[in-house]
Amino acid sequence: AARRPALTPSRHTDGSVSASSLFAVAREADAAAFGSAVHAILASVAWWDEADAEAGRARLRAAGHAESALAEALACLRAPSLRAVFSAPPAGPGGTTTEIWRERTFEIILDGAWVTGVFDRVHLERRPNGALEEVTVYDFKTDRLTGTETEAARELRARYTRQMGLYRRAAAALAGVPPSRVRCVLVPPSGRLPL
C-alpha cells in the first residue's frame, strides 16, 4: 500500500520566517513551553464559574502550574470577551445542550493525507434528540504580537487560516456534519477572532 503524507495542523501555518527568528531557538522553546502550560490549564477547566472564581483559582494554583502561565490562563478565563468560551451556557431553546471536547486528539485522512492534531476546545450544541445543531472549534493562541489590535488580529488570521481550515474539515467529519455547520474561532488573550 502507498504511504500517505503526514500532516499536523498546528505546524501548518502561513507566513514568512524572518532571518532573526532563526537565531531565536531558545526564546521559541520558552514560548512553546509557556503556551503548552497555558493550554494545559485551560484544558483542565470544563466550565468557569465567575461566582466561584476564588475557589477555581485555588484549585488551579494547587495543581502547581507556573505562576506566569497561571496568570495568563486566569486572564483568559475571566475576560468578558471570552465568557462564551468558558462559561456554561444556559440550556437553549427546546432544551439544547452543549457537549465539550477538551484537548481531544484526532487522526483522519483528508485529501489523501494522514492528518494528526489536537482540538484545544470544541463545543457541540445538541438538540434534545441528540442531533448536532452547531459545532464551534476554539483554538487557543498565546502568540505575542505587536501593533494595533486590528493589525494583531489580521496577523493571527493570516497565520492560522490554513490550520483552522483543516480543523473545520476534521471536526465536521468527526462530528458528522457539513463543514458549513462548523465555526472556527481563534482565542488569543485579547478576545475571540472568528475565522
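Strands here are DSSP runs of E with at least two residues, helices are runs of H or I with at least four, and both are numbered from the N terminus. The model you are looking at is predicted, so local features need pLDDT of at least 70 and side-chain atom pairs count only at pLDDT 80 or more, while totals for chains, interfaces and linings use all residues. Residues are numbered from 1 along each chain as its sequence is written, and side-chain values use heavy atoms, with hydrogens and water left out.

**The hairpins**

Now select all of S2 and S3 (residues 113–126). They run antiparallel and are joined by 13 bridges; two strands pair if DSSP finds at least two bridges between them. This hairpin has 2 residues between its strands, and Asp 111 takes a positive phi near 50°.

Look for Val 122, standing opposite Val 137 in S4. Between S3 and S4 there are 5 residues, and Gly 130 in this hairpin has a positive phi near 95°.

**The aromatic rings**

Show the side chains of Trp 101, Phe 106, Phe 119 and Tyr 167, which form one aromatic cluster. Rings of Phe, Tyr and Trp (its six-membered ring) pair if their centres lie within 6.5 Å; planes under 30 degrees apart count as stacked, over 60 as edge-to-face and the rest as tilted. By this rule there are 5 aromatic pairs. Zoom in on Phe 106 and Tyr 167: their ring centres are 6.0 Å apart and their planes are at 80°, so this pair is edge-to-face. Phe 106 belongs to strand S2 (residues 97–110) and Tyr 167 to helix H5 (residues 149–175), so the pair ties together parts 61 residues apart in sequence.

Are Phe 106 and Tyr 167 buried or exposed? Both are buried, meaning under 20% relative accessible area, where exposed is over 50% and partly exposed is in between (1.4 Å probe, protein chains only).

**Charges over rings**

Select Arg 121 and Trp 47 next. The charged end of Arg 121 sits over the Trp 47 ring, 5.0 Å from its centre; the rule asks for NZ of Lys or CZ of Arg within 6 Å of the ring centre and within 35 degrees of the ring normal. Then try Lys 141, which lies over the face of Tyr 160 at 3.8 Å from the ring centre.

**Last stop**

Zoom out to see the whole chain, with its 5 helices and 6 strands.
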